Amino acid sequence: MCQLLGMNCNVPTDICFSFQGFCRRGGETDEHRDGWGIAFFEGKGCRVFLDYLPSIHSPIAELVQHYPIKSRNVIAHIRKATQGELKLANTHPFQRELWGEYWIFAHNGNLNGLPASDGQFRPVGDTDSEQAFCWLLDQLRQRFAEKPPTLLLTAAIGGLFARLAEFGTFNCLLSNGELLFAHCTTNLHYIVRQAPFSSAHLIDNDISIDFSALTTPVDRVAIIATQPLTDNEQWTRCQPGEYLVFVDGQRLSAISGRMGQRPT
């Protein structure tokens, strides 16, 4: 299975520390060698890096590890192919425009028998993941001519995620640069870092960082990953079928109970 990494913050933050551990899962500490990608939202823009080389050997991954791009929403993916050839068109995360916003999507799992996407959004590659992304955006576009209020949007996406999960393993991350949506079928973990900050040590690389020296008391950062990235912090494991939404570095728990229902 693939590896997912997401970040949602209340202030622009770089993901260099987390990515230094994460990218080693692409061929060094794990077997995921079929390409990788990362997307950074910057205002209304989105900076995307993709490579079909293993992340541990990719010069682009080396650049990203040491390039402190600051963003409030980031999605990264390390691929272990289940459907689709090893090529750039099949490399996550995928990007599309909807309602004048970029949307970014990455998926871990295997989906079979997906409904066809017969609207505006069509896959470029031949993965089940991109097909699921296009179907999801087509459904949103058909339901809402313009971007709906947050509660309505999160409820609709929760229902569509539940529908896609009926076709197989559906661990995913989705963002429009403001909200970060996640769905768990098997493995997904998250942590919210906020004051009082402390130090963290990577599992996949012998590197530590003292966040208290790099943050302010109002900073808040949520990190979501397939497996925990550090070994001295308390990560929360998501439950099968759980749907999560993050904004400004915190989970929208107040509405989580309404969001898992399928649309009618």
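**The sheet and its surroundings**

Modeller: Strand β7, residues 171-175, is joined by 4 bridges to strand β8, residues 179-183, and the two run antiparallel. Within this pair, Cys-172 stands opposite His-183 of β8. Please bear in mind throughout that this is a predicted model.

The pair belongs to a wider arrangement. An open sheet is formed by 6 strands, in the order β5-β6-β7-β8-β14-β15, with antiparallel pairing. The edge positions are taken by β5 and β15, each of which has a single partner strand, so one side of each is left without a neighbour in the sheet.

The next pairing, between β8 and β14, comprises 5 bridges and is antiparallel; here Leu-179 has Val-247 of β14 as its bridge partner. Val-247 also stands opposite Gln-250 in β15, and 2 bridges join β14 to β15 in the antiparallel sense. These two strands form a hairpin with 2 residues between them, and in the turn Asp-248 has a positive phi of about 55°.

Is β14 covered or uncovered? Strand β14 is mostly covered, with 5 of its 5 residues buried. Tyr-243, Val-245 and Val-247 point one way from the strand, while Leu-244 and Phe-246 point the other way, and all of them are buried. In a regular strand, side chains alternate between the two faces of the sheet.

Asp-248 forms a salt bridge with Arg-72, with the closest N and O atoms 2.3 Å apart. Because Asp-248 lies in the loop between β14 (243-247) and β15 (250-251) and Arg-72 lies in strand β4, this pair ties together parts that are 176 residues apart in sequence. Both partners are partly exposed: Asp-248 has a relative accessible area of 28%, and Arg-72 has a relative accessibility of 35%.

Helix α4, residues 150-165, lies across β6, β7, β8 and β14 and runs at about 25° to β8.

What is the angle at which α3 and α4 pack? They pack at about 140°, with their axes 11 Å apart. The two helices are therefore oblique to each other, an angle over 145 degrees being needed to count as roughly antiparallel. The crossing in which α3 passes α4 is right-handed. On the α3 side the contact is made by Ala-132, Trp-135, Leu-136, Gln-139, Leu-140 and Arg-143. On the α4 side the contributing residues are Leu-153, Ala-156, Ile-157, Leu-160, Phe-161, Arg-163 and Leu-164.

Arg-163, one of the α4 residues in that contact, also takes part in a salt bridge with Glu-166, at 2.9 Å from N to O. Arg-163 is partly exposed, with a relative accessible area of 28%, and Glu-166 is likewise partly exposed, at 45%. Elsewhere, salt bridges that share partners join Glu-101, Lys-147 and Glu-178 into one network. In general, side chains of opposite charge can pair when their charged atoms come close. The structure holds 9 salt bridges.

Strand β9, residues 189-194, is joined to strand β12, residues 220-225, by 6 bridges in an antiparallel run, and Ile-191 has Ile-223 of β12 as its bridge partner. Strand β9 also pairs with strand β13, residues 236-237, in the antiparallel sense over 2 bridges, where His-189 stands opposite Arg-237.

Key: Residues numbered from 1 in each chain as written. Predicted model: local features only at pLDDT ≥ 70, side-chain atom pairs only at ≥ 80, totals over all residues. Heavy atoms only, no water. Salt bridge = Lys/Arg side-chain N within 4 Å of Asp/Glu carboxyl O. Buried < 20%, exposed > 50% of the residue type's maximum accessible area, 1.4 Å probe, protein only. Pairing = 2+ DSSP bridges. Contact = heavy atoms within 4.5 Å. Axes fitted to C-alpha atoms, helices over the stretch in contact; angles between N-to-C directions. Parallel < 35°, antiparallel > 145°, perpendicular 65-115°, else oblique. Left-handed = near helix turned anticlockwise from the far one by under 90°.
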